[in-house]
Amino acid sequence: MSRIVIVSNRTPGKGPAAGGLAVALRKVLSNHEGFWFGWSGKLTETPSSKPHFEDIDGLKVAQIDLTADDHRAYYAGFSNSILWPSFHLRLDLATIEGYWYEGYRRVNQQFAKALMPLLKPDDVVWVHDYHLIPLASELRRLGAKNRIGFYLHIPFPTADALYAIPHHGDLMRDLSRYDLIGMQANRDVAAFTDFAEHQAPSTFATASTETIDFSKTEVTAFPIGSDPEAFTRLSTSPAAKKMIHRMRRALTDQRLILGVDRLDYSKGLPQRIEAYEKLLANNQRFRRNVHLLQVAPPSRDSIKEYQETSDTLDAMAGRVMGRFAEPDWAPLTYVKRAYGQPSLAGLYRLARVGLVTPLRDGMNLVAHEYVGAQDPEDPGVLVLSRFAGAAEIFPEALLVNPFDTDETAEALRMALDMPLEERKQRWQALWAAATKHNVDDWALSFLKRLSPGIEDQAQVDKDTIYMASVA
């Protein structure tokens, strides 16, 4: 039986897995022989040439250390200051430094050189996310003939945005070295296909430049999901009930509108606050009767654009408070810290409206979690951005254009006024989609497409607790 080798930027740490991806891939490795490979999280003066193995909660993990300069160029630089904004169609926020690509390439070469001696001929390699696009090319250069798959957890950019990325031709050629590429949504596959079918030469290309051959690479949508049944159980746990009791005591009869996001410019948080402000301005009857809770733990706060998003959100939340607050009523609560899984599940279950309005997102697992946590007899309403990958599988949500804050405000009104029967009908359809696209079946379907000989060797542990994965 083939071993499975999972490769990602970071390897899992000790203790309970914090992300849906980590939970699903732990299950994969518990059912198949193999190991997880990636960066250790440690910085050193001399880059690792040989990985060190560690047993982490029964998981075999191979790790390498990076130098501070390489990590800065590879991670904060090329990955998160160029690829992340460009893939999310925020070219205005992309910062371009030529040496970042050199560091990005160098780290991928380091990964490949450290991983190659560990591979057996029939190993199946599964590479994750935008940090490691060149890895297949580097492994092939070293002689690897293994089946290698790649899964992109963020959106794939339009052709115009792709052309704005330095060395985009090299990156696309790197992708052609994978046997299977998985995307979150059909719109991402369409964007990839658009580039493949209408390649334009680089400004500096010679007449002999060859087009990139994608004929040996399969590109397919594999929508990632959550474990909705586990989240249902979690939402009725003692810790979740404690959170619900605390919130009900604070809210009294107010209905809760809930947002849960990383503090990231792609999540559309300023637009969300503006839409809520318009809801209160246009519908005086909701004042004192609704409350917005936005949970937004900081992420990548060393990057300037993230700091600016935080400052903007602070100012907007303060403006709404100043405009509508009364001595005995606050229109919103804005919390910049993370909550544990049970507490989040309780908040989801209590919320009449789940407000999930990113400007662009790969999937957005918060939408899945919100659906999984609802009370079937009194479910809330999901207000969802059309530009999240989840919109393709959740058409029964109230789909909005997050850039149009008037439209989002009206969707909030509709959600708050929606009768119980309609809420139940919409939720039942959302639940069916969430269970169909669960995280366990996602992992197995990808691996079986990558290597048809792989079979599930053990019953998936449905009792494993699932939590939102953040990129």
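Trainee: Where does Ser2 lie?
Mentor: Ser2 sits in the segment before β1 (4-10). Helices (H or I, at least four residues) and strands (E, at least two) are DSSP runs, numbered from the N terminus. Before we go on, this is a predicted model, with local features needing pLDDT of at least 70 and side-chain atom pairs counting only at pLDDT 80 or more, while totals for chains, interfaces and linings use all residues. Residues are numbered from 1 along each chain as its sequence is written, and side-chain values use heavy atoms, with hydrogens and water left out.

Trainee: Thanks. Is Ser2 buried or exposed?
Mentor: Ser2 counts as buried because its relative accessible area is 18%. The cut-offs are under 20% for buried, over 50% for exposed, and partly exposed in between (1.4 Å probe, protein chains only).

Trainee: And what separates the C-alpha atoms of Ser2 and Tyr163?
Mentor: A distance of 38 Å, for two residues 161 apart along the chain.

Trainee: New topic: how many salt bridges does the structure hold?
Mentor: It holds 27 salt bridges. Each is a side-chain nitrogen of Lys or Arg within 4 Å of a carboxyl oxygen of Asp or Glu.

Trainee: Which residue does Arg106 meet in a salt bridge?
Mentor: Asp70, at 2.8 Å from N to O. Arg106 lies in helix α3 (residues 98-115) and Asp70 in helix α2, so this pair ties together parts that are 36 residues apart in sequence.

Trainee: How do the two compare for burial, buried or exposed?
Mentor: Arg106 is partly exposed, at 39% relative accessibility. Asp70 is buried, at 8%.

Trainee: What else is in helix α2?
Mentor: Asn80, for one; that helix covers residues 68-87. Asn80 counts as buried because its relative accessibility is 2%.

Trainee: Which side chain does the side chain of Asn80 contact?
Mentor: That of Tyr130, in a polar contact of 2.7 Å. The term means a pair of N or O atoms within 3.5 Å; within protein, one must be able to donate a hydrogen and the other to accept it, and residues adjacent in sequence count only if both atoms are side-chain atoms.

Trainee: Back to the charges. What about Glu274 and Lys278?
Mentor: They form a salt bridge, with the closest N and O atoms 3.6 Å apart. Both are in helix α10 (residues 269-282), and because they are 4 residues apart, about one helical turn separates them. Glu274 is partly exposed at 28% relative accessibility, and Lys278 is partly exposed at 24%.

Trainee: And which residue pairs with Lys424?
Mentor: Glu377, in a salt bridge of 3.5 Å from N to O. This pair links distant parts of the chain, 47 residues apart: Lys424 is in helix α15 (residues 420-436), and Glu377 is in the loop between α13 (365-373) and β13 (381-385). Lys424 is buried at 17% relative accessibility, whereas Glu377 is exposed at 56%.

Trainee: Which residues are joined into one network?
Mentor: Arg105, Glu138, Arg141 and Asp174, through salt bridges that share partners.

Trainee: What forms the positive surface patch?
Mentor: Lys242, Arg246, Arg249 and Arg337. Patches are made of residues with over 30% relative accessible area and no salt bridge, with like charges joined within 9 Å and nonpolar side chains (Val, Leu, Ile, Met, Phe, Trp, Tyr) within 5 Å. Arg337 is in the loop between β11 (332-335) and α12 (341-350), and counts as exposed because its relative accessibility is 51%.

Trainee: One for the backbone: what is phi of Leu89 near?
Mentor: It is near 60°, a positive value in a residue other than glycine. Leu89 is in the loop between α2 and α3 and is partly exposed, at 36% relative accessible area.

Trainee: And what about phi of His167?
Mentor: Phi of His167 is positive too, near 65°, again in a residue other than glycine. His167 is found in the loop between α5 (159-163) and α6 (168-175), and with a relative accessible area of 38% it is partly exposed.

Trainee: Last one: where is Leu25?
Mentor: In helix α1 (residues 20-31). Leu25 counts as buried, at 0% relative accessibility.

Terms used
Accessible areas come from the Shrake-Rupley method with a 1.4 Å probe; for residues, only the protein chains shown count as cover. Lys and Arg count as positive and Asp and Glu as negative; His and the chain ends are not counted. The place of a charge is taken as NZ of Lys, CZ of Arg, CG of Asp or CD of Glu.
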